[in-house]
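Please keep the sequence and the 3D view open while reading.

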Amino acid sequence: MSTRIAFLKGHGTENDFVIVPDPDNAIELPATAVAALCDRRAGIGGDGLLHVVRSAAHPEARHMADEAEWFMDYRNGDGSIAEMCGNGVRVFARYLQHAGHVEAGDLAVATRGGVKKVHIAKADATGEAAVTVSMGRAELPAEQATVTVGERSWPALNVNMGNPHAVAFVDDLAHAGNLYAAPATSPATVYPDGVNVEFVADRGPRHVAMRVHERGAGETRSCGTGACAVAVAAARRDGVSATVTGEPVTYTVDVLGGRLEITERPDGGIEMTGPAVIVAEGDIRPEWIENRIA
């Protein structure tokens, strides 16, 4: 590796990412390098990394190349591979627009959780433009779990948005603790590969606030798939289902980094709308990353 590697930094409701453009899938990014890049003190810093690759160039995405030109090879902040990241998809789409690969309008993005349809709105008078992602249908597995923090425990609704979530409704978000470590879930058989845990408090009619511990990243300022899981869980708790009523159901979900609008369509599809921002770009020194490839 003799040339500098380009990178960008972006965020969606302050869920932030290192973006590495690599259309031909030519850059080696083992877990150690990803974790080093995401390190907030010794690296660039981010909750995760968005590896931008053409679908045809990646063995995990070639079968989706006819539907989506670009593959979001997403990595958690610890370097582990993840199925999906809702905020990441919005930032990924914003990068494609920033780089001139796409314009405002509709596009498709390949992920390990399948092909996601995205709509980039035209900028308003402030220059801001929301991005909407069709997140697919939520699955509600029959197995349920209990979430425990300290001496408090809550029943959690099991929601799968392409990745697993345990959603617990609490009286006070402070009851979630510091979320440095993953909250305990039991029985262990429900989430054998770990889980994203959301703590949810009501703020008003169809309006909730959440905190989240993301698998492989710790507490983050926002989690897109988590916000979708929370909206679905809140709707079911409230006895509302768009697939039953035939009318779209929208919940406002406040995260630490901002606000997302989550809509369940009558066909069961979930749409997430929120901001996505590119804040910086530069180069990674090749010798720095080579020293972190194990």
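Phe17 counts as buried, because its relative accessibility is 0%, and Tyr74, at 3% relative accessibility, counts as buried as well. The model is a predicted one, and the structure holds two aromatic pairs.

**Aromatic pairs**

- Phe17 and Tyr74 make up an edge-to-face aromatic pair, with 6.0 Å from centre to centre and 75 degrees between the planes.
- Because Phe17 belongs to strand E2 (residues 15-21) and Tyr74 to strand E4 (residues 70-76), this pair ties together parts that are 57 residues apart in sequence.
- The pair of Trp154 and Phe199 is edge-to-face, because the ring centres are 5.6 Å apart and the planes stand at 80 degrees, where over 60 degrees is the cut-off for that class.
- Trp154 is found in strand E9 (residues 152-160) and Phe199 in strand E12 (residues 196-204), so parts that are 45 residues apart in sequence are tied together by the pair.
- Both Trp154 and Phe199 are buried.

**A charge over a ring**

- Arg237 lies over the face of Phe169, at a distance of 4.5 Å from the ring centre.

**Glu198, a buried acidic residue**

- Glu198, which is placed in strand E12, is buried yet has no salt bridge, and the nearest side chain of opposite charge, that of Arg215, is 9.8 Å away.
- The side chain of Glu198 does have a polar contact with the side chain of His165, at 2.8 Å.
- Apart from neighbours within four places in sequence, Glu198 is in contact with residues including His165, Ala166, Val167 and Ala168, as well as Met210, Arg211 and Val212.

**Helix H1 and what covers it**

- In helix H1 (residues 31-38), the buried residues are Ala33, Val34, Ala36, Leu37 and Cys38.
- The cover over these buried residues of H1 includes strands E2 and E4, together with strand E3 (48-54), strand E18 (277-284) and helix H5 (286-290).

**Thr132 in strand E7**

- Thr132, located in strand E7 (residues 131-137), counts as buried because its relative accessibility is 18%, and the cut-off for buried is under 20%.
- A polar contact of 2.7 Å links the side chain of Thr132 with the side chain of Thr273.
- When neighbours within four places in sequence are left aside, Thr132 is in contact with Lys117, Val118 and His119, and also with Glu271, Met272 and Thr273.

Methods:
Residues are numbered from 1 along each chain as its sequence is written. This is a predicted model: local features need pLDDT of at least 70, side-chain atom pairs count only at pLDDT 80 or more; totals for chains, interfaces and linings use all residues. Side-chain values use heavy atoms; hydrogens and water are left out. Rings of Phe, Tyr and Trp (its six-membered ring) pair if their centres lie within 6.5 Å; planes under 30 degrees apart count as stacked, over 60 as edge-to-face and the rest as tilted. Helices (H or I, at least four residues) and strands (E, at least two) are DSSP runs, numbered from the N terminus. Buried means under 20% relative accessible area, exposed over 50%, partly exposed in between (1.4 Å probe, protein chains only). A charge sits over a ring if NZ of Lys or CZ of Arg is within 6 Å of the ring centre and within 35 degrees of the ring normal. Lys and Arg count as positive and Asp and Glu as negative; His and the chain ends are not counted. A salt bridge is a side-chain nitrogen of Lys or Arg within 4 Å of a carboxyl oxygen of Asp or Glu. A polar contact is a pair of N or O atoms within 3.5 Å; within protein, one must be able to donate a hydrogen and the other to accept it, and residues adjacent in sequence count only if both atoms are side-chain atoms. Contact means heavy atoms within 4.5 Å.
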